[in-house]
Amino acid sequence: MSETNGEGSAPLAASERETLREYEKDLRKAEKKVAGEIDPGARAMVVAVCVLLAMVSLVMPHAGVASGLDALTGTAKASQARISLPSEIFVYLVVIFGIGFSALALLTRRWVVAWIALCGCAVASVAGMLAIWTRNTIGVGGIEPPGGAGAGLILGWLVMIVLTFHWARVVWARSSYQLALEEERRSRAAAAEAFGVSLQRKPQPRTDTERDQPGQDDQGAPGPS
């Protein structure tokens, strides 16, 4: 009976090590899945409101008689209001990143999409400032100065700034969580490795045959003659 137990102790240790390996694989899969997702929490409501305001800013006066949609499509009103290139770039960035990628990030909860929305909204914030600045320049060479920045342009610029702030907080919080999760995985892996080493160093019980051999003491040295 003891021989069977002695021989069965090694497979038992191997089974435990295999269980630890499976547990580590599951932990890696969970980490990879969670690392690619975001949880904006209460910020999701703020981002959703900002997306709605960005859409409203497109139908509001962008400059003069032209709205954001006129600047986006290049209508006759946009030509009449002398919409400049910075304004056109800003409106495109609002549509693509402020509305498109921001809404997509809320729906998919993907970290990569949120990162793209953050970068696009940050660029749009700079473009919006340039667009407002170009609307406030004076005329040169007898040319009538363009009309000032409309409510839609100013609202869209403020919305891009708010979106940049909130997406930055969401992305940064996810990065911090990833670091904490990786640290926990390393700690569990170290504990599992230490447990496996302790199992390997565990002394194996002697069988009845070895204990009954004459001329052998407990240390395995020859007994007195």
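The model is predicted; local features require pLDDT of at least 70, side-chain atom pairs count only at pLDDT 80 or more, and totals for chains, interfaces and linings use all residues. Residues are numbered from 1 along each chain as its sequence is written, and side-chain values use heavy atoms, with hydrogens and water left out.

The protein chain contains eight helices and two strands. Both are DSSP runs, numbered from the N terminus (helices: H or I, at least four residues; strands: E, at least two). From the N terminus, the order of elements is α-α-β-β-α-α-α-α-α-α. Of the 225 residues in the protein chain, 30% are buried. Buried means under 20% relative accessible area (1.4 Å probe, protein chains only). The accessible surface of the protein chain is about 13,800 Å², computed by the Shrake-Rupley method with a 1.4 Å probe. Carbon and sulfur atoms hold 65% of this surface. Among contacts in the protein chain with a separation of 6 or more, 71% join residues 24 or more positions apart. A contact requires heavy atoms within 4.5 Å.

Helix 2 (residues 43–59) packs against helix 5 at an angle of about 150°, and their axes lie 10 Å apart. Axes are lines fitted to C-alpha atoms over the stretch in contact, and angles run from 0 to 180 degrees between N-to-C directions. Helix 2 and helix 5 are therefore roughly antiparallel, a label for angles over 145 degrees. The crossing of helix 2 and helix 5 is left-handed; that is, the near helix is turned anticlockwise from the far one by less than a right angle. Helix 2 contributes A44, V47, A48, V51, A54, M55 and L58 to the contact. Helix 5 contributes V91, V94, V95, G98, I99, S102, A103 and L106.

S102 lies in helix 5 (residues 85–108). S102 counts as buried because its relative accessibility is 0%. Its side chain reaches the backbone oxygen of G98 at 3.3 Å. Beyond neighbours within four places in sequence, S102 contacts V47, V51, F97, A117, C121, L163 and W167.

T164 belongs to helix 7 (residues 151–200). With a relative accessibility of 18%, T164 also counts as buried. A polar atom of the T164 side chain lies 2.7 Å from the backbone oxygen of M160. With neighbours within four places in sequence set aside, T164 is in contact with L118, C121, A122 and S125.

Key. Buried means under 20% relative accessible area, exposed over 50%, partly exposed in between (1.4 Å probe, protein chains only). A polar contact is a pair of N or O atoms within 3.5 Å; within protein, one must be able to donate a hydrogen and the other to accept it, and residues adjacent in sequence count only if both atoms are side-chain atoms. Angles under 35 degrees count as roughly parallel, over 145 as roughly antiparallel, 65 to 115 as roughly perpendicular and the rest as oblique.
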